[in-house]
Amino acid sequence: ADVGLTANLILAETVIASSDVFQIECLNGSEVLNGVITERTCHEACAGSCCEEDNACDLFTGSVRTDGSCSGVNACSGAKIGLVENSCIGDHSCSNAGVSDYGIGSIKS
């Protein structure tokens, strides 16, 4: 069901704007690195720079920047968003967003 979205999301973790801001790829709440699902959660991969607070990125599929995005209780839980950039900050701010077959391309502030 998520084949198209998943194929687009399986990208390497890449440096975006500077050496301090990365894009973390996630599939159902797990980090995807070089096209492989790792044993780390998105929360763990963010290392305090995104997906912070309880269940912030549980079951999240998409990309999240390490700029504080997806931070708050259930901020991006269950969501399918191609790229979250400086957004989805606050409790339940983007939970379950884009759960249709197509997802959401990007959310930016």
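Analyst: Let's start with Cys51 and Cys57, which are both buried; "buried" means under 20% relative accessible area, "exposed" means over 50%, and "partly exposed" is in between, using a 1.4 Å probe and protein chains only. Keep in mind that this is a predicted model: local features need pLDDT of at least 70, side-chain atom pairs count only at pLDDT 80 or more, and totals for chains, interfaces and linings use all residues. Residue numbers run from 1 along each chain as its sequence is written, and side-chain values use heavy atoms, with hydrogens and water left out.

Back to our two cysteines. A disulfide joins Cys51 to Cys57, with 2.0 Å from S to S; the term covers a pair of cysteine sulfur atoms within 2.5 Å.

Who supplies it? Helices (H or I, at least four residues) and strands (E, at least two) are DSSP runs, numbered from the N terminus.

Now look at Phe60. Leaving out residues up to four places away in sequence, Phe60 touches Cys26, Leu27, Asn28, Gly29, Cys76, Gly78, Ala79, Ile81 and Val84; a contact here means heavy atoms within 4.5 Å.

Cys26 is joined to Cys42, with 2.1 Å from S to S. That pair links distant parts of the chain, since Cys26 is in β2 and Cys42 is in α2, 16 residues apart. Both Cys26 and Cys42 are buried. The other neighbour, Cys76, is joined to Cys70 (S to S 2.0 Å). The torsion about their S-S bond is about -80°, so this disulfide is left-handed, and both cysteines are buried. There are five disulfides in the structure. Number the bonded cysteines in sequence order, and the pairing reads 1-2, 3-4, 5-6, 7-8, 9-10.

Side chains of opposite charge can pair when their charged atoms come close. Arg65 and Glu85 are both buried, and their side chains meet in a salt bridge at 3.2 Å, N to O; a salt bridge is a side-chain nitrogen of Lys or Arg within 4 Å of a carboxyl oxygen of Asp or Glu. Arg65 lies in strand β5 (residues 61-65) and Glu85 in strand β6, so the pair ties together parts that are 20 residues apart in sequence. The structure holds two salt bridges, and Arg40 and Glu31 form one of them, with the closest N and O atoms 2.9 Å apart. Here Glu31 is buried because its relative accessible area is 1%, while Arg40, at 37% relative accessibility, counts as partly exposed.

To step back, 44% of the 109 residues in the protein are buried.
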